[in-house]
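Thanks, everyone, for making the time.

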Amino acid sequence: MRKEYIDLVLRGLKESGTDLIIFLPDGKFRDLYPVLVKESGIKCIEVTNEAEGVSIAAGAWLGGKTPIMIMTNAGLRVAIEPLCRYGFTHEIPVVMLMSFTGEMGTRQWWAIPHGKTTIPLLQTLGIPYEIVKNKNEIVN
């Protein structure tokens, strides 16, 4: 990930008031995580799976924090049960920043199902989303 993109993501997180970052490391954001961990004023928690991360984010929101879960879209299916439980049952928002893997034509053929299912799953769950395609869209 290019430094200018990392700087923009960090700026966006700060401007949004994010004070807690929960993340499950992935390859596309690998250069972002060390920068976030070193950033003062934003606490970072590394998790072992996406469902755990979503649960921590929901609990943090209940505790007055402004959390974000950072992960790859491949983990969305793992996170669905807690997202439904907290979102539908308790109306607890969980903000997620996901790298996108699985576009058609990728060399990572095994990730194509993730790309095919991400948007339909978000739509089915009624989760609003934006796909960022260029750097000018990172901070709005």
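This is a predicted model: local features need pLDDT of at least 70, side-chain atom pairs count only at pLDDT 80 or more; totals for chains, interfaces and linings use all residues.

Let me start with Thr101, which sits in the loop between strand 4 (96–99) and helix 5 (112–125). Is Thr101 buried or exposed? Its relative accessibility is 7%, and because buried means under 20%, Thr101 counts as buried. If we set aside residues up to four places away in sequence, Thr101 touches Lys28, Thr72, Asn73, Ala74, Gln108, Ala111, His114 and Gly115.

Turning to the interior, the general expectation is that in soluble globular proteins nonpolar side chains tend to be buried together. Here the largest nonpolar core has 17 residues, and those with the most contacts inside it are Ile22, Val54, Met69, Leu83, Val94 and Met96. At least two residues of this core come from each of strand 1 (20–23), helix 3 (50–62), strand 3 (67–72) and helix 4 (76–90), with helix 3 giving the most, namely four residues. Apart from this core lies another, of 13 residues, which includes Leu10, Leu32, Tyr33 and Ile70.

Val54, leaving aside its neighbours within four places in sequence, is in contact with Met69, Ala79, Pro82, Leu83, Tyr86 and Val94. Leu83, which belongs to helix 4, is buried, with a relative accessible area of 9%. With residues up to four places away again left out, Leu83 touches Val54, Leu76, Phe88, Val94, Met96 and Ile127. For Leu83 and Ile127, the separation is 44 residues in sequence, while their C-alpha atoms are 9.4 Å apart in space.

That brings me to the two helices, and to the question of how helix 3 and helix 4 pack. The crossing of helix 3 past helix 4 is right-handed. On the helix 3 side, Glu50, Ala51, Val54, Ser55 and Ala58 take part, and they meet Val78, Ala79, Pro82, Leu83 and Tyr86 in helix 4. By type, the residues of this contact divide into eight nonpolar, one polar and one charged.

Methods. Residues are numbered from 1 along each chain as its sequence is written. Side-chain values use heavy atoms; hydrogens and water are left out. Buried means under 20% relative accessible area, exposed over 50%, partly exposed in between (1.4 Å probe, protein chains only). Contact means heavy atoms within 4.5 Å. A nonpolar core is a set of buried Ala, Val, Leu, Ile, Met, Phe, Trp, Tyr and Cys residues joined through side-chain atoms within 4.5 Å. Axes are lines fitted to C-alpha atoms, for helices over the stretch in contact, and angles run from 0 to 180 degrees between N-to-C directions. A crossing is left-handed if the near helix is turned anticlockwise from the far one by less than a right angle, and right-handed if clockwise. Ala, Val, Leu, Ile, Met, Phe, Trp, Tyr, Cys and Pro count as nonpolar, Asp, Glu, Lys and Arg as charged, and the others, Gly among them, as polar.
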